[in-house]
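Please keep the sequence open as you go through them.

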Amino acid sequence: MWRVLVTDEMKLGDNEFPDLQLDYRPGMPREEILERIAEYDGLITRSRTTVDEPLLARAERLKVIGRGGVGVDNIDLEAASRRGILVINVPEANTRSAAELAFALILAAARGVAASDRELRTGVWNRKRLGLELMHKRLGIVGLGRIGGQVAQFARAFGMEVWAYDPYIPQRRAEGLGVRLVDRLETLLPEVQFLTVHTPLNDETRGMIGRRELYLLPRGAVVVNAARGGIIEEQALLEVLDEGHLFAAGLDVFAGEPPPPDHPLLHHERVVHTAHLGANTFEAQERVAHGIVQRVREALAGNYAYAINAGFDPEAFQALSGWLPLAEALGRLLAQITRGRAQLVEVSVLGDFEYEPEPLFAAVAKGTLAPVIDEPVNYVSARPRLQERGVRLVSRRDSDARGFAQAIEVRLATDEEERRAMGTVLAGRPRLVRIDDYALEIAPEGHMLVCLNRDQPGVVGTVGTLLGEAGVNIAGLQLGRDAPGGRALFVLAVDQPPPEEVLEQLRGLELLERVDLAVL
């Protein structure tokens, strides 16, 4: 049974997980967390608990950190990754609630709801206030992820045409949502009467909507930010509203929260506000709590799909799950048959892979490290560990799959030599189809002897005789050669590793140029 500590308030409900012991301690003081964290396999937090290097240094058993919600600013991702600790969140639990609030702000800003409400509270009955309809208008969405996509669906239901700018979203997703995807923000802005942003806040997006961008919008446009404060420059928004270029704005977020009481946007007649309430519905909070516990449980059981510090998309991880054992096996094979100190691992993804192949790179890194380090390594820790050892991991894509529909080729370069291995998945099973320039086909599993020799009669028979005399059973054989009478390579799958003295005998044979043993 795994022990999981919950240190922040959460609506856990009465869900039961028989293989988890949940210790619910909301508001637990940091000093006590530091004292007790070594007892736990998992930690679940919201934003209150800081998960930093001093805490992680004491977390001897910790395997998974779950963050209820979206942001992980309170977690040291780099330190967690070095230790192979998975960091999990549940961003989609808030998707519906956040999208509904964003669309509510669009409607409220378009109809002057907040201004009319304020007037009515002071006794003013103003029936002359005019607003905007959404029907036949064009909505621009910056960031077509989960929330942006949901907003697009709402907008289309209101009869709006939807355009979007998102350089990280494939065309097929936009088409599936009925959205026109453009490749430049400057192309989007002049064409839309309503604008809503749904991106994370980072160096690329901070201040991306400033005075210039706001003036690229048509006169009388409506702007909404229910994503992160700072994406839209607040001073620029204030000025453009005051100058009459914008009809109205809706804000759920500010660059500094809470904003000071005298913040000019708070008192602007044509701005409607909420206090960062995107995720604040009863339903969303219940989904967050149940979802994060479930994902922490899955992660403890070995499912890496939702680990945000693994650097890949959950859908890609699931879609490529049949290729991960192959990728790991190729890395593990080369780590054992390539002599010298590793300097470079190059992973080539060949053919048409629908999803981004990041999970394959992590699998190759894990396989490359596993035979050469004593401590456990996983898909999260593998790439940082490679980097620590001075090994570069590079990747490339090529439409030519060398006669297969899809394949992976890995090249390992050391200070002495370089070797290559290529594999594919046939009928759902990983197959090793090439080592260096030698074509073959064999399952990359178990114990494998990789032998290089001159192509002449009797070589395989001599090796087989030595192995048989030592009681080593041969389970499979594959061979390849560059030309008749030239060089050849053969792979023997054996049921058990040959004793060291037998390996030395094999390496002493004049028939063989080289013998390497790999355990996959």
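Predicted model: local features only at pLDDT ≥ 70, side-chain atom pairs only at ≥ 80, totals over all residues.

1. Residues are numbered from 1 along each chain as its sequence is written, and side-chain values use heavy atoms, with hydrogens and water left out.

2. The largest nonpolar core has 69 residues, of which Leu360, Ile408, Leu432 and Ile435 touch the most other members. A second, separate core of 31 residues includes Ala110, Phe154, Val162 and Leu181. Such a core is a set of buried Ala, Val, Leu, Ile, Met, Phe, Trp, Tyr and Cys residues joined through side-chain atoms within 4.5 Å, where buried means under 20% relative accessible area (1.4 Å probe, protein chains only).

3. Helix 13 (residues 324-337) packs against helix 14 (residues 358-369) at an angle of about 35 degrees, with 7 Å between their axes, and the crossing is right-handed. Helices here are DSSP runs of H or I with at least four residues, and strands are E runs of at least two, numbered from the N terminus; axes are lines fitted to C-alpha atoms, for helices over the stretch in contact, and angles run from 0 to 180 degrees between N-to-C directions. Among the residues making this contact are Leu324, Ala327 and Gly331 of helix 13 and Leu360, Ala363 and Gly367 of helix 14.

4. An open sheet is formed by four antiparallel strands in the order 20-21-19-22, and its edges are strand 20 (474-481) and strand 22 (512-519). Strand 20 is joined to strand 21 (residues 487-494) by seven bridges, pairing being assigned if DSSP finds at least two bridges between two strands. Helix 16 (residues 459-469) packs on the sheet and touches strand 19, strand 20, strand 21 and strand 22. Helix 13 lies across strand 19 (447-454) and strand 22, at about 135 degrees to strand 22.

5. Which way do the residues of strand 9 (residues 194-197) point? Phe194 and Thr196 point one way and Leu195 and Val197 the other way, and all are buried. Strand 9 runs parallel to strand 6 (residues 138-142), with four bridges joining them, and Leu139 has Phe194 as its bridge partner. Four bridges also join strand 9 to strand 10 (residues 221-225), again in parallel.

Conventions
Buried < 20%, exposed > 50% of the residue type's maximum accessible area, 1.4 Å probe, protein only. Left-handed = near helix turned anticlockwise from the far one by under 90°. Contact = heavy atoms within 4.5 Å.
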